[in-house]
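Dear colleague,

Please find below the structure I promised to pass on to you. My notes on it follow directly after.

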Amino acid sequence: LVLPADSMVTLLTDLHLADGAVSVLKNKELSTSQLSSEYFEAILNKHGLTREKFEESMRYYAFHAEELDRIYEKIITGLSKKESLARPTKDAEKPVE
């Protein structure tokens, strides 16, 4: 069975956030690829998925590009909201007098 689109949005959002975290982390004990792999497995476990189920769903959506485009529109919108919430507002940047 293929994951529903809403589940793919949540899963892929988590994967992209982890990928971003890995790109800024500097870990002397783990390589970037090893860290990425560990995050990937942890996220699959969080969502109760196997690698095979994830790959099956990705293959499905790769052949249904319009559905994948809609999924990524939601991912981008969600990540943009998270980014705007993480940025300080102009009022927060003003020094306290």
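Which residues form a nonpolar patch on the surface? In this predicted model, the patch consists of Val24, Leu25 and Tyr39, which together have about 270 Å² of accessible area. Of these, Leu25 lies in the loop that joins helix 1 (5-24) to helix 2 (32-46). Leu25 has a relative accessible area of 40%, and is therefore classed as partly exposed, the range between 20% and 50%.

Helix 2 may be of particular interest to you. Its 15 residues, at 1.5 Å a residue, should span 21 Å, and this agrees with its end C-alpha atoms, which are 21 Å apart. Within helix 2, the residues Leu35, Phe40, Ile43 and Leu44 are buried. The buried residues of this helix pack against two others, helix 1 and helix 3 (51-62). After helix 2 comes Gly48, which has a positive phi, near 65°.

I also looked at one residue of helix 1, namely Thr13. Its relative accessible area is 11%; since this is under 20%, Thr13 counts as buried. Leaving aside residues up to four places away in sequence, Thr13 touches Met8, Ile75, Leu79 and Lys82.

With kind regards

Key. Residues numbered from 1 in each chain as written. Predicted model: local features only at pLDDT ≥ 70, side-chain atom pairs only at ≥ 80, totals over all residues. Heavy atoms only, no water. Patch = residues over 30% accessible without salt bridge, like charges linked within 9 Å, V, L, I, M, F, W, Y side chains within 5 Å. Areas by Shrake-Rupley, 256 points an atom, 1.4 Å probe, with all protein chains shown as cover. Salt bridge = Lys/Arg side-chain N within 4 Å of Asp/Glu carboxyl O. Helix = DSSP H or I, 4+ residues; strand = E, 2+ residues; numbered from the N terminus. Buried < 20%, exposed > 50% of the residue type's maximum accessible area, 1.4 Å probe, protein only. Expected span 1.5 Å × (residues − 1). Contact = heavy atoms within 4.5 Å.
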